[in-house]
Amino acid sequence: MCARMLQRDCLKASHLIPVPAYLSALSMDAAERRLARVTAHLLPSSFPLASAPLLAPSPAAASSSPAGDSYRRVHGDVSSEPPEWRAATDEDGKGFVDIIYEKSVGEGIAKITINRPDRRNAFRPLTVKELMRAFSDARDDSSIGVVILTGKGSKAFCSGGDQALRDSDGYVDFDSFGRLNVLDLQVRYAFL
């Protein structure tokens, strides 16, 4: 009985789903009405229903078709080309040592890369200071809508605090800054 109900309630797409002979015309009419209601609810009114298949043949095809691409409906066409990245500095024009800070050209994306692959991208006080400067710049730049945080290399995104710099006073680098204020970074920039 369950299989019969499932078949009865299936969406009719004769080119994709064979319709069993024992289903009545009334059952098929009911299924077509349900399909029309669901389709009208899910698809924008400008979408031509007659020319589109009712069911996508594969997930890959669904993501490239207008029916399966809600992002494109909302935001419009997006380039499939990789973005062009330009090195960025903070508001004072200072460069970075422990991170790579880049902005895409015309895409509204900032990318911050922790650049210490030899230490598995472990934080040191300078790294945290530079992350704060880069996040602050991205927050204040009205053209940036997305920030990507990543790590250089293939061994680790970030392994935490650099234990080689840990002293009795905490994490110390060449400025003798005895504190690794990662929590300050997280609290300040959690909701960019």
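A residue counts as buried under 20% relative accessible area, as exposed over 50% and as partly exposed in between (1.4 Å probe, protein chains only). Tyr-101 is buried, at 2% relative accessibility. Phe-96 is buried too, with a relative accessible area of 17%.

The structure is a predicted model, in which local features need pLDDT of at least 70, side-chain atom pairs count only at pLDDT 80 or more, and totals for chains, interfaces and linings use all residues. Residues are numbered from 1 along each chain as its sequence is written, and side-chain values use heavy atoms, with hydrogens and water left out.

The chain has a mean pLDDT (the predictor's confidence in each residue, from 0 to 100) of 73. Of its residues, 61% reach 70 or more. Confidence is highest in strand S2 (residues 99-104), at a mean of 96, and lowest in helix H1 (residues 2-9), at 44. Over residues 1-15 the pLDDT is below 50, and this stretch has 21 contacts beyond near neighbours in sequence. Contact means heavy atoms within 4.5 Å. Where pLDDT is low, the predicted coordinates should not be read in detail.

Helices (H or I, at least four residues) and strands (E, at least two) are DSSP runs, numbered from the N terminus. Strands S3 (residues 109-114) and S4 (residues 146-151) run parallel, joined by six bridges. Strands pair if DSSP finds at least two bridges between them. Ala-110 has Val-147 of S4 as its bridge partner.

The charged end of Lys-111 sits over the ring of Trp-85, 4.6 Å from the ring centre. This arrangement requires NZ of Lys or CZ of Arg within 6 Å of the ring centre and within 35 degrees of the ring normal.
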